[in-house]
Amino acid sequence: MSTPSLASLPIRRLTLRDLTACADLSEDRGWPREEHKWGLLLTSGKGYGIDDPDGGLVAACVVTEYGPREQPALAAVGMVLVAERHARRGVGRRLMRHIVEASGTTPLTLHATPSGRPLYEELGFKVTGRAEMLRGHFVPTDGRPEVATRAATAEDLPAILRLDEEAFGTDRTHIVTRLPAFADQLRVAEEDGRLIGYAAAWPNMDTHVVGPLIARDTATAEALLASLAAHTDRPLRTDIDVRHEELLGWAKAHGLAPVMSSAVMTYGTTELPGDWSRRFAPVTVAAA
């Protein structure tokens with residue numbers, strides 16, 4: 001029996017049952033397995049994949065939609081991976097074209113590495129921003145923070161959801177409500193009894209990833225990041241919008257070093273919704 005061509009292999013929806021195969025694909029490309037993150041993405045988003053007749057996956061990606069279910073306001077594309085043995089044979093292009101067609105009129109966004117950017121540009125995505133990944137052990141300074149922070153409680157959830165929708169620009173309840181179980185820490189900043197920011201730190205391999213980080217201003221973002229660092233022994237990792245130069249400089253002065261940067265790209269819109277000045281870091285670049 002002849003082996004089917006890559007072009008004839010069907011694209012199917014992935015489920016949580018495919019988590020191990022997705023992690024195997026990450027490992028195949030030299031990425032961490034990131035099973036915890038894959039679990040969030042496969043349950044809160046739509047996974048797409050191509051099965052390899054010899055076992056495992058040829059390719060995979062995840063699309064996370066935001067806003068009304070009937071007509072999402074935005075969809076984030078992430079974890080676009082093609083197995084090394086099938087690389088450079090048009091599989092990634094075919095998968096991304098499928099995503100673009102399936103999304104219809106819904107605007108798309110993604111974070112692109114330098115190697116992936118040419119493909120996305122070929123498909124019509126435009127660079128509209130940049131994020132810088134930082135990693136390291138946070139070095140605290142003496143003195144009390146300017147802004148009060150504390151661990152979030154169940155009673156905070158309605159206020160967190162309101163704040164998040166204002167900053168993000170559309171509803172992402174299906175992500176935010178998963179944070180208490182997904183993250184090791186969920187903290188809020190408040191002033192006069194009113195929430196002015198929130199942030200989570202979730203486990204990813206040997207680090208704690210800080211995200212989302214939503215804050216009224218830089219001082220609030222700094223207080224939240226410092227408070228998360230104070231409650232973990234792991235190195236921190238986060239992806240900060242480069243327009244937040246003050247926070248980037250502060251984080252680097254406190255022990256976080258730049259690792260890489262990614263291009264924020266969009267399709268079907270020239271800019272992301274919401275208020276970027278309050279949106280400091282995403283949950284993960286794989287879900288914008």
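View 1. Helices (H or I, at least four residues) and strands (E, at least two) are DSSP runs, numbered from the N terminus. The model is predicted: local features need pLDDT of at least 70, side-chain atom pairs count only at pLDDT 80 or more, and totals for chains, interfaces and linings use all residues. Residues are numbered from 1 along each chain as its sequence is written, and side-chain values use heavy atoms, with hydrogens and water left out. E9 pairs with E10 (residues 207-215) in the antiparallel sense, over seven bridges. Strands count as paired if DSSP finds at least two bridges between them. Within this pair, Tyr-198 faces Ile-214 of E10.

**View 2. Strand E8 (residues 185-191) runs antiparallel to E9.** Seven bridges join E8 to E9. Glu-190 lies opposite Leu-195 of E9. E8 and E9 also form a hairpin, with two residues between the strands. Asp-192 takes a positive phi there, near 55°.

**View 3. Strand E9 (residues 194-204) is largely enclosed by the rest of the structure.** Why is E9 described as largely enclosed? Because ten of its eleven residues are buried. Buried means under 20% relative accessible area, exposed means over 50%, and partly exposed lies in between (1.4 Å probe, protein chains only).

**View 4. A salt bridge joins Asp-206 to Arg-135.** Their closest N and O atoms are 2.9 Å apart. The two residues come from distant parts of the chain, 71 residues apart. Asp-206 sits in the loop between E9 and E10, and Arg-135 in strand E6 (residues 126-136). Asp-206 is partly exposed, at 45% relative accessible area. Arg-135 is also partly exposed, at 31%. A salt bridge here is a side-chain nitrogen of Lys or Arg within 4 Å of a carboxyl oxygen of Asp or Glu. The structure holds 23 salt bridges.

**View 5. Asp-24, Glu-27, Arg-33 and Glu-35 form one network.** Salt bridges that share partners join these residues. One of the links runs between the side chains of Glu-35 and Arg-33, at 3.2 Å from N to O. Glu-35 is partly exposed, with a relative accessible area of 37%.

**View 6. Helix H2 (residues 35-44) is mostly covered.** Seven of its ten residues are buried. They are Lys-37, Trp-38, Gly-39, Leu-40, Leu-41, Leu-42 and Ser-44. Lys-37 has a relative accessible area of 4%. It forms a salt bridge with Glu-34, the closest N and O atoms being 3.1 Å apart. Glu-34 is buried too, with a relative accessible area of 4%.

**View 7. Helix H8 (residues 218-229) packs against helix H9 (residues 245-253).** Two packed helices are described by the angle between their axes and the distance between the axes. For H8 and H9, the angle is about 30° and the axes are 10 Å apart. Axes are lines fitted to C-alpha atoms, for helices over the stretch in contact; angles run from 0 to 180 degrees between N-to-C directions. The crossing is right-handed: the near helix is turned clockwise from the far one by less than a right angle. Thr-218, Ala-221, Glu-222, Leu-225 and Ala-226 of H8 meet Glu-246, Leu-247 and Trp-250 of H9. Contact means heavy atoms within 4.5 Å. The contact residues divide into five nonpolar, one polar and two charged.

Definitions and conventions:
Nonpolar A, V, L, I, M, F, W, Y, C, P; charged D, E, K, R; others polar.
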